[in-house]
Amino acid sequence: MLELIAATATHCPYCSLQCGMYLTIDEGRPAVAPRDFPTNRGGLCQKGWTAANLLAHPERLTTPLMRHSKDDDLRPVAWETALERIACEIRAAQECYGRDAVGIFGGGGLTNEKAYLLGKFARVALRTPHIDYNGRFCMSSAAAASIKAFGVDRGMPFPLEDIPSAETILLIGSNVVETMPPVMQYFDEQQRHGGSLIVVDPRATRTAQRATLHLQLTPGSDAALANGLLHIAIRDGLIDHDFIAARTSGFAEVRRVVASYWPERVERLTGVPAKQLTAAAQLLGTAATAMILTARGTEQQSSGVDNVLAFINLALALGKAGRPSCGYGCLTGQGNGQGGREHGQKADQLPGYRKIDNPEHRAHIARVWDVDEASLPGPGRSAYELLDTLGEAGGVRALLLMGSNPAVSAPHAGHVRKRLAALDFLAVADLFLSETAQLADVVLPATQWAEEEGTMTNLEGRVLLRQRACDPPPGVWSDTQIIAGLAERLGYGQRFPAEPRAIFDELRRASAGGIADYAGITYERIAAEDGVFWPCPDEQHPGTPRLFLERFATDDGRARFLPVQHRPAAEEPDNDYPFYLITGRVMAHYQSGTQTRRVKELRDASPQAFVEIHPALARRYAIADNDLVRLTTRRGTAIVHARLTTTIRLDTVFVPFHWGDEDCANRLTNPALDPVSKMPEFKVCAVRMAKVEPHETLIRAKGAAQ
Amino acid sequence: MTEKQRLVVIGNGMAGARAVEEILARGGEQFTITMFGAEPYGNYNRIMLSEVLSGNQSPEQIFLNPLDWYAEHNITLHAGTPIANIDRAAREVITQHGLRVPYDILIIATGSHAFVPLMDDLRDSAGRLKEGVFVFRTLDDCQKIASYAQRSTCAAVIGGGLLGLEAARGLLTHGCEVHIIQRASSLMNQQLDTRSGALLKAAMEALGVHVHCDTQTSSILGNRNVTGLKFEDGSELACDMLVIAAGIKPNADLALRCGLTVERGIVVTDQMRSVDDSCIYAVGECAQHRGMVYGLVAPIWEQVRVLADNLTRQNGDAAYHGSKLATKLKVMGVDLASMGRVEPQDEHDEVVLYSEPKRGIYKKLVIRDDRLIGAILLGDIGKSAYLMQSFDRNTPLPGERAALLFDIGAGAKQESLQDLPDDTQICNCNGVSKGVIRQCIAKGKRSPKAVMEATRAGMGCGSCKSQVQELVTFFCAGDSGEDFELINQETLYTPLTLSVKPCADAKSASQGQAQ
């Protein structure tokens, strides 16, 4: 029975839970085996189980591709040719239009080492302010709100293991049953202990179906809901006056603002019956311990920062923060959504969660990088603003893109595709020929998770080690090798190591003394301690699983209440576009689907995009289950199959965003940005729909065949 | 820097104070702001007055803007200082004490006062309301009523509308016998039709409130204090307390005296500006827009948003087009929601009606062109949140009207696992259906552990393990293999025997690879 298989301890390549897994190589064939790690306790979802299927995938890119002119096809070329072309185009764009004409777009799936190196590459080798990444689309609203309220942004300021001991949990805009299934172990345990789970979502998702109480709110009414809950908590005497006095500031103004959110008004704004609001406030307020967790549903709105602040206000007023088994947390989405935002991949940021417009922070980083502080550029454009101005006068003309597929994943994707096509030059590094890579002038084949080494920081702020388990196919380079190779051709070779450990050592020095301090973290410690929580300022420091127990990270140590008013979504339904469109994920797929759509098991499980419509609404448009439906917004059209379900509101339809052709949900979404975080409003816009008649389908099929 | 404009606001209630808040929210740096309030408080939430009357909330709990808020925002507040006159030629307001304050822009938000119907012997010789007679309008009124009700045994309320019923509720909590005197033939005749009004009356009576409809009070009995009411038909009712809640009357005298056009209220344009004077605006219950005077808070807040957009020039195109009216309340345990037009306007309007008088349930929808234009829900208001939003937003309604009245299909009873169809998903994490598990068992995997390893069902979050176990038991029908073993619900992880490469190896592997 005992068989000995060589196995490497690593982590799943997908979401921010970063489930522990082993990669085994049996007769040359890689396979995944579960691993008992604190995040997943051995559980894996279908994505994790099938993650190894992509390592030797036939569609894998194994050689650089290049087109000589825009109407030319992509053809295989040697690495030397490809890198020389990129360096040449960068120099040309900068000579012609200035330094700022070159930009970088990164990803929340890249390791800390890559994110750090990419940020340094932009500031030192390119000296451009324009670097941002798809993580802006992920957690930027929660990050901005946490910094305002607590003085620091770490998705969850406590480990997952604390979840079961919270008596009540309020989960807003998160369908964890499908998006990070193994984490449900913690919520199930919490409920087994008699705890309550309240889920806020416009859909009765599988997560909502497992909740004690489901508040099926109107899309975009999150802040009104939070203010309404706080209003009831104040009315019913549920707030913690001692905590407010001892640990916070600014409550009076918030109290004044929420006085205008009485239950009947909030019911009208949110569509959640006043009785349920009261029940939720009671469950939260009478519990000895409680947590409030948000995710993209409430954060990906043009009022995303305010939404999160409103829920933080609620947590603070109830005294449910900065204490064991209590607190506000954000469930980050992408694999390295947390670490990717800490080390300089963001337009306004330098390593260690430093600010690029802070003179002291600049001076520290300039010392580590051994450059003149004045040579460091200032803040650049945020992700959507960067994409929106590509190829325009004053915009970026040559773009290097890694670990992202904005042609599918950015809002108003049809427009973003046009902007990408308008670039003078686009270089993309990816595993597969993604929709974005298809638009590129040079495509570079990159290594996958199991073929490289590096660290990831998961949703808990736990720094994890991704170990190298197998060799990449011949001809495939890691992103760090690519960056180092380009730096060398631009005359900065000695400043850019390609070896992950060397980069991590530099990252540790750069982050030292910053908010996200990694100085005391080593690969060996991570492996030995099941990850290390930042901040960890020196090698003797145990790391910090729980923040805020003594004080918050603000100057005076107090958490800040910040008053928030309900603002309607940037686009509300009207006569022309009468329904809400919301978007999200399904279990079998991850992000733009570049990886998961290529896994047979996952494709079989979820072969195509769909639109969830309430049957009563569908009948109005004579739409039956599985009919093709044309969805139209002010930005574009998508055609997807109908999926009739009573789990959705009558005024709302839902489309998952993992597909890239005419079934691309983001062709519809609204790029209205949050004024603070610059988060686009992926989660709310106005849509109209019509059934695609059979004769149209025939015409379309013929068109596709030709 | 250009000189600041002097903005004067008469009225510090839910309209006036909210208008200033909206202006400040848009910057508002161009104004120095002075406010006059007749009441000696900051701004409080009038919606909550009945909660104060019934003792559910203390007066402090309903303040929206405490006095220090005004100071923090550099607003000069004259609380308890009514304005006596407006000198439009000089652009000044004049207080009761003769203080003159100049304005560049004036907002009139004087609200309304209680409408008191003509009745004989209502007042004493000094012109004050007879002792024991109250109107129900302000925080002071509320506190006086609450304290007087302590020694009252029988109270009458004139007015069977929204406010009257709320007053009755408050009085009941103070232990009084309560009579509602309603001139119309049914209760809440503004919001309800005759049938639902009758149902509400029956419900009120079941709770011990005496309701007298079609009854008009002609005089108030008692010398110094009230001892009873005399009605038009000559009958009498003994009582020791009277609350008048017969509606509101806009406070427009000030505007009338300075020559502004006043009908029921101060006539304003879509920008909430007086039709006579481009420096003067009116919002709230004192304003009349397209023939309507609004007494509910939602329309008033819409008005002040338009006003603030215009004054701060944030949106010069902002215009108020009137509001849709909806109310929802709980009167002594009876849930009630009403919105829009509760009677059809012509034969094309569709009426959907459900009535169950025995349980006090009544639901009525008025639909035009597939949009909800009015509704009444009484007794069961479970669908009110959805209906009110459809009404507010003019959303096209689904075809089945029944779905608008009842939660059809929701909360269907849980079918047993054995009866579920084969395509039912058992394991969400790994997408394993009941059919796949059945086939797996048929192929000889006859224990939960074997099924889990083969299908990966239960190997994600583990919450379906008990269902997998149940299915194995069912399909094996007592004939499970000898390797049948129960799974521990608490632990998910089944350790594999692996030779795990330590971290240091990873290091050397990585170094060997570097190119």
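**Notes on the A–B interface and one arginine**

1. In this predicted model, 79 residues of chain A are in contact with 64 residues of chain B. The two chains bury about 5900 Å² between them, and 51% of that area lies on carbon and sulfur atoms. On the chain A side, the greatest losses of area to chain B fall to A:Arg256, A:Trp262 and A:Arg268, which together account for 14% of what that side buries.

2. Six salt bridges are counted between chain A and chain B. In one salt bridge, the side chain of A:Arg619 meets that of B:Glu400, with an N to O distance of 2.2 Å.

3. Helix α11 of chain A (residues 263–270) supplies six residues, the largest share of the side of chain A that touches chain B. By residue class, that side of chain A divides into 36 nonpolar, 16 polar and 27 charged residues.

4. A separate point concerns A:Arg635, located in the loop between β25 (628–632) and β26 (637–644) of chain A. A:Arg635 has a relative accessible area of 17% and is therefore classed as buried, the cut-off being under 20%.

5. The side chain of A:Arg635 reaches two backbone oxygens: that of A:Leu668 at 3.0 Å and that of A:Thr669 at 2.9 Å. Leaving aside residues up to four places away in sequence, the residues that A:Arg635 touches include A:His412, A:Glu571, A:Asn670, A:Pro671 and A:Cys685.

Definitions and conventions. Residues are numbered from 1 along each chain as its sequence is written. Chains are lettered from A and ligands numbered from 1 in the order in which they are written. This is a predicted model: local features need pLDDT of at least 70, side-chain atom pairs count only at pLDDT 80 or more; totals for chains, interfaces and linings use all residues. Side-chain values use heavy atoms; hydrogens and water are left out. Contact means heavy atoms within 4.5 Å. Buried area is the accessible area (1.4 Å probe) that two parts lose on being put together, summed over both. A salt bridge is a side-chain nitrogen of Lys or Arg within 4 Å of a carboxyl oxygen of Asp or Glu. Helices (H or I, at least four residues) and strands (E, at least two) are DSSP runs, numbered from the N terminus. Ala, Val, Leu, Ile, Met, Phe, Trp, Tyr, Cys and Pro count as nonpolar, Asp, Glu, Lys and Arg as charged, and the others, Gly among them, as polar. Buried means under 20% relative accessible area, exposed over 50%, partly exposed in between (1.4 Å probe, protein chains only). A polar contact is a pair of N or O atoms within 3.5 Å; within protein, one must be able to donate a hydrogen and the other to accept it, and residues adjacent in sequence count only if both atoms are side-chain atoms.
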